[in-house]
Amino acid sequence: MSEGRRRSWAEPYKIKVVEPVRVTTREERRTALDEAGWNTFLLKSREVTIDLLTDSGTSAMSDKQWAGMMVGDEAYAGSENFYHLEKAIQDIYGYPFVVPTHQGRAAEHIISRILIKAGDIIPGNMYFTTTRLHQELAGGTFVDVIVDEAHEPANEYPFKGDVDLEKLDRVVSEHGAEKIPYISLATTVNMAGGQPVSLKNLKALHEYCAGKKIPIYLDKTRIAENAYFIQQNEEGYADHSVAEIVREICSHTEGAWMSAKKDALVNIGGYLVTRDEEVFEQARNLVVVYEGLHTYGGLAGRDMEAMAIGMRESVDPDHIRARVEQVRYLGHKIASEGVPIVRPVGGHAVFLDARTFLDHLDQEEFPAQRLAAEIYLEGGVRSMERGIVSAGRDPETGENRRVKLELVRLTIPRRVYTQSHMDVVAETVWEVWDRRREIKGLEMVHEPKYLRFFQARFEPKA
Ligand code: P71
């Protein structure tokens, strides 16, 4: 909301503590890449200057959160901080039943085990790696029902996270509603480029699912970012607060899980929530098997306190605006030199379209993997492959899943980097863009069975 000449936003905080970063030489980076098998996940943090691998657990906590760490009640059972967390979740999101977990995938594990039977089908608005894996391990099959626009990087549709209700209806008709334990819905769809779902779509989905008695479970890892996009771009929401929109999104769902390492501004934490008392009872029982007692779920008391405080900060209007606008700033800057990126710019990251960037490479030469490595080599900036390596192999055929989106994700931690860091990142990407024709592919020389992208190793083609 500009007033007169004031259009710029500034970070809504002052810097109280700094963490120096190392600047490396190109030779050092080349050695580091060889040692890391050309996989940015295998680089050491000390070899990285600007770390845009992920926004997960990498955000800066506020002074209030750090103060919260000092009031950790580390009792084994019934920690005071658990009750603060439970209350924060009930206040902000409106779910009555809360089960803490050490991070998001632990909550995915538990909900998948409870709701999925062998042979079930789980439709969702695009897969996420850990989410789908837990659904598969529980015996289910994930089916993508996101709108087609989500698979088209250049398409400017503002709500590429929307569910295509016709696609969903076809899945329901084919398999029967009784085979569908829940809809796996995500706010700001990570693999689509951090793209939001609209409330209009969610309301229609809720109505459809209510008719079929299929619950909606929400991955609300980045829900505040999604709510900001709704406020900015969806008709009728300009004068709703982000907090109100967050609450409204949740009201259309039966339950949710969250990796609190993103929106909720903590270094570790997650949880499962539901309105279904039966599911809650089972979750609270399973959590003691895999995580810890139901009042700490694998977390320290102090972690739960930081999470309760961070969650409230996540819906602060100045915070969320600066967060999403910083990402947009980087995206527009990178694209201003013609570099192909996923449009519109997402909530947590800028996604480079590696298929177009390196259009002389075949997808099986891992263009996004190579591009991420080249960006590191160029400027010490670490990013992440989100393409054919991340997609893994089809469990039935054993073939690589040749996904449409072959992307490199430059993910911005919250409250960590400044505008000048963003400028350096853009300039680094431009340098690689200028020499793109000389860039060759990679060969995979080591491939782990699960979530291969984390530990796979590559060698550059000559
Ligand atoms: C991200 C991560 C962390 C990650 C996970 C897998 C591969 C690479 C990086 C984690 C998410 C997420 C969504 C939407 C659930 C999880 C798992 N994202 N849902 O984007 O984005 O949560 O990491 O706390 O276990 O870098 P967890």
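Helices (H or I, at least four residues) and strands (E, at least two) are DSSP runs here, numbered from the N terminus. The model is predicted, so local features need pLDDT of at least 70 and side-chain atom pairs count only at pLDDT 80 or more, while totals for chains, interfaces and linings use all residues. Residues are numbered from 1 along each chain as its sequence is written, and side-chain values use heavy atoms, leaving out hydrogens and water.

Let's start with two loops. F366 sits in the loop between α13 (354-357) and α14 (367-379), and its phi is near 55°, a positive value in a residue other than glycine. Another loop, between α12 (317-335) and β9 (349-353), holds P344; the peptide bond from R343 to P344 is cis, with omega near -20°. For comparison, most residues other than glycine have a negative phi, and most peptide bonds are trans.

Now to a helix pair. The axes of α4 (residues 104-115) and α10 (residues 277-290) come within 10 Å and cross at roughly 125°; axes are lines fitted to C-alpha atoms over the stretch in contact, with angles running from 0 to 180 degrees between N-to-C directions. The contact (heavy atoms within 4.5 Å) involves residues including I110 and I114 of α4 and V279 and L286 of α10.

Finally, the ligand. A polar side-chain atom of D219 lies 2.6 Å from a ligand nitrogen atom. Oxygen atoms of the ligand lie 2.8 Å from a polar side-chain atom of Q103 and 2.9 Å from one of N190.

Conventions. Polar contact = N/O pair within 3.5 Å; in protein donor to acceptor, adjacent residues only side chain to side chain.
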